[in-house]
Amino acid sequence: MNLIYLFASLVFLLLCVSFLSLSSKEIWWVRAHDFPRMQYLVLALLLLIAEVLFLDYSNISFWLLVLPTLFVVGYQLWWIVPYTRFYPREVRQTAYLDSENSIKIMTANVLMTNRKAEKLIKLVKENNPDILVTLETDHWWQTQLKSIENDYPYRMSCPQENLYGMHVYSSYQLSESTTEFLVEDDIPSMHTLLTLPSGQNIRIHFLHPAPPSPTENEESSERDAELIMIAKSVADADIPVIVTGDLNDVAWSPSTRLFRKLSKLLDPRIGRGMFNTFHAEYWFMRWPLDHLFHSTEFKLYDIRRLPAFGSDHFALLTQLIFTESQHNDSASGLDADHEDKSLAREKMNSEQVNENEVPRPR
């Protein structure tokens, strides 16, 4: 009987944390349960195995425990299966490297207190990205990265000492580049027009909104509002679009799904893997925090999580090939309904912002 009580308590806890993520509450301790879905899934599977091994099949208590555990397994799988190889790919793959229309982007949250700059520089030289975006870079990091500036003549800089500095290094021409503080006065985002060697222009937005947490923003409203502003701004763009950065949100969360619905952008991880970039030191507590989304004119050539370089994040390397026409099935993406659009308006109104404040380089 004591074993039944133990299993019942564990099932109850798993149901609670699963149902909490269904809540629309923006408070940090609710939204925190959007992150560890894989961990909850593993715990539910282990609990299910224990129930089968140690409980009596003929007793009704067995079914009263097994069925809710199966529900938790199925519920968590619903969120994370798209980020596995068992799901159809949202973005088409190409093996043809069109150098005139290729763009290779490396996104690296460096961890401001990390002093192993040489490891990041080594990764940059080994992978030779066309664009390097660094997050959490302060004045010390800006000085350390001067050694790569000869390879990246086009740059954007916003060093800060508050964990939200940002730098962009580009070997491709950048124009109409601006740094904005869209929602919070000390949280920058960068916006630019990039020109490929072929002459094709691409609109790019680099983001790093603050997360909901007890030490930063108690609610997710600021983060969500910034994502929605960008999403609505790029939805009807007349040129190709890329949005990348550390969104301080997981790929499968309701807020990132809302971003995808509103922006109409695609996620190259769908059908390929999670590419968990955080936490680099704890293998058992990892999830995808660093993202790259793009419009339908691109095919994917490569996407990889790079080796650790001393940060609490891994760097993400993504190489896209621009094509003249839309080669991806937009029906495989997500569509916004009336409820989604209403929720988006509420979130922007709560922060008194709108999509017209987002720069639209063209």
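Tyr 75 is buried, with a relative accessible area of 13% (buried means under 20% relative accessible area, exposed over 50% and partly exposed in between, using a 1.4 Å probe and protein chains only). This is a predicted model, where local features need pLDDT of at least 70 and side-chain atom pairs count only at pLDDT 80 or more, while totals for chains, interfaces and linings use all residues. Residues are numbered from 1 along each chain as its sequence is written, and side-chain values use heavy atoms, with hydrogens and water left out.

**Aromatic rings**

- Searching the whole structure turns up 13 aromatic pairs (rings of Phe, Tyr and Trp, the last by its six-membered ring, pair if their centres lie within 6.5 Å; planes under 30 degrees apart are stacked, over 60 edge-to-face and the rest tilted).
- Phe 19 and Phe 71 are stacked, because their ring centres are 5.6 Å apart and their planes meet at 25°.
- Phe 19 sits in helix α1 (residues 2-20) and Phe 71 in helix α4 (residues 60-80), so this pair ties together parts that are 52 residues apart in sequence (helices, H or I with at least four residues, and strands, E with at least two, are DSSP runs numbered from the N terminus).
- Phe 71 also stacks with Tyr 75: the centres are 6.0 Å apart and the planes are at 15°.
- Phe 71 and Tyr 75 are four residues apart in helix α4, which separates them by about one helical turn.
- While Tyr 75 is buried, Phe 19 is partly exposed at 42%, and Phe 71 is partly exposed at 38%.
- One aromatic cluster is made of Phe 19, Phe 71, Tyr 75, Trp 78 and Trp 79.

**Charges over rings**

- Arg 115 has its charged end over the ring of Trp 140, 4.1 Å from the centre (a charge sits over a ring if NZ of Lys or CZ of Arg is within 6 Å of the ring centre and within 35 degrees of the ring normal).
- Arg 305 lies over the face of Phe 314, with 4.2 Å to the ring centre.

**The sheet**

- Six strands make an open sheet in the order β3-β4-β2-β1-β11-β10, with mixed pairing (two strands pair if DSSP finds at least two bridges between them).
- β3 (154-158) and β10 (298-305) are at the edges with a single partner strand each, so one side of each has no neighbour in the sheet.
- From one strand to the next, the twist averages 15° (axes are lines fitted to C-alpha atoms, for helices over the stretch in contact, and angles run from 0 to 180 degrees between N-to-C directions).
- Five bridges link β3 to strand β4 (residues 166-170) in the antiparallel sense, and Ser 157 has His 167 in β4 as its bridge partner.

- Of the 14 residues of α7, 13 are buried, so the helix is largely enclosed by the rest of the structure.
- Ser 220 is in the loop between β7 (201-207) and α7, and counts as buried at 1% relative accessibility.
- Apart from neighbours within four places in sequence, Ser 220 is in contact with Glu 26, Arg 31 and Pro 212 (contact means heavy atoms within 4.5 Å).

- Most residues other than glycine have a negative phi, and most peptide bonds are trans.
- A cis peptide bond joins Phe 278 to His 279, with omega about 10°.
- Glu 176, in strand β5 (residues 173-180), isn't a glycine but has a positive phi of about 50°.
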